[in-house]
Amino acid sequence: MASFNAPHMDLGTLNHSAAFRSKDAQEMHRYVAGQLTDHRLDLCSGGFSAVMHHASIGSLGLHQLEYGASVTIDPGSLDDFLLVQMPQSGFGRVFHSQGETIVSRDIAGVIAPTAPFRIRWERDCRQLLLKIPRRKLEQACTTYMGATVRDPIEFQFDMDLRTPAGQNWRHLMEYLLNTLALEDTQRLSPLAHAHMEEMVVAHLLTHQPHNYSHHADHALDARGVAPRCVKRAEDYMAEHVSDPISLSDIAEHAGVKVRTLCQSFQRFRQTSPMSALRDLRLEGAHKDLVAGAGESVTDIAYHWGFNHLGRFSLMYKARFGERPHETLRR
């Protein structure tokens with residue numbers, strides 16, 4: 001593949017989040033250890049001047065970290081979470097059991113919870129870090145891959161951000177970063193958080209190779225598609241339409257794997273489970289707008305899990321023939 005530098009992600013919203021700055025290596029070490037995990041920090045050059053920004057969306061952690069100087073970091077392993085390292089400037093070298101991976105704007109590093117590693121960050125390497133809880137990763141692996149997680153999940157270390165899947169991952173990260181701006185003005189509902197968490201974890205499990213990837217080919221129920229699973233899923237969604245349920249929750253209640261449920265919905269409803277859930281929530285928003293009750297369009301949209309008002313307005317008009325504010329005025 002031809003080499004090129006991927007464009008910078010806009011970290012503006014993260015730059016305005018909580019930050020810690022220090023020119024004292026020991027002080028910075030303690031702070032980063034508190035945000036991530038304990039580790040050994042060795043300086044490889046002078047000019048140490050570090051800064052860390054951090055924010056969270058649901059259970060996901062977003063961090064921007066820069067040391068200024070060249071440093072070596074050795075945590076052993078992360079244990080409780082997976083970390084995706086995405087340099088926005090400069091580069092780093094990750095040493096692990098599979099060899100050495102150079103992470104840069106083109107290549108992200110995917111570090112599984114139990115994978116021993118150490119990393120050298122070169123001077124002025126500024127990284128965007130995504131932290132995913134181990135338990136969420138393992139739960140999703142069982143649901144999406146149809147596998148019982150007996151051994152730790154081990155991912156291929158390098159993620160090529162120049163591939164179509166890698167570019168989609170970048171778009172997901174930009175979506176998360178843009179969401180932080182919404183959090184500054186309006187606390188997002190648990191529905192929105194659950195949706196974003198599931199998108200990120202599902203993308204990682206389905207596109208980044210790991211030791212359970214082969215289970216995806218065997219995830220379909222051998223008994224074939226059963227309409228009963230669709231009905232059970234629909235009943236569950238109707239009962240929990242206001243709750244932050246995920247696709248994996250729906251599939252578990254329906255008694256099938258995610259892939260089976262999606263194919264069943266496509267065959268019998270010509271849609272996806274999450275699209276069906278979105279339609280139920282649009283119906284809920286419509287009822288609230290008709291009732292009025294003194295709430296604004298923004299309040300009602302966020303309550304029903306629609307955190308992008310422009311897209312909500314378009315979907316609403318396509319379904320009900322008018323804009324949300326037109327319904328509210330009547």
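This is a predicted model: local features need pLDDT of at least 70, side-chain atom pairs count only at pLDDT 80 or more; totals for chains, interfaces and linings use all residues.
Numbering starts from 1 along each chain as its sequence is written. Local features need pLDDT of at least 70, side-chain atom pairs count only at pLDDT 80 or more, totals for chains, interfaces and linings use all residues, and side-chain values use heavy atoms, leaving out hydrogens and water.

**View 1. The buried face of α7 (residues 247-254).** Helices here are DSSP runs (H or I, at least four residues), numbered from the N terminus. Leu-247, Ser-248, Ile-250, Ala-251 and Ala-254 are buried (under 20% relative accessible area, 1.4 Å probe, protein chains only). Next comes Gly-255, with a positive phi near 80°.

**View 2. α7 against α8 (residues 258-269).** The axes, lines fitted to C-alpha atoms over the stretch in contact, sit 9 Å apart at an angle of about 85°. That makes the pair roughly perpendicular (65 to 115 degrees, on a 0 to 180 scale between N-to-C directions). Touching residues (heavy atoms within 4.5 Å) include Ile-250 of α7 and Leu-261 of α8.

**View 3. Two sides of α11 (residues 309-320).** Phe-312, Ser-313 and Tyr-316 are buried, and they cover an arc of only 100°, which puts them on the same side of α11. Leu-314 and Ala-318, on the face turned away, are exposed (over 50%). The buried residues pack against α9, α10 and α12. Just after the helix, Gly-321 takes a positive phi of about 80°.

Key
The expected span of a helix is 1.5 Å times one less than its number of residues. The arc is that of the directions from the helix axis to the C-beta atoms. Angles under 35 degrees count as roughly parallel, over 145 as roughly antiparallel, 65 to 115 as roughly perpendicular and the rest as oblique.
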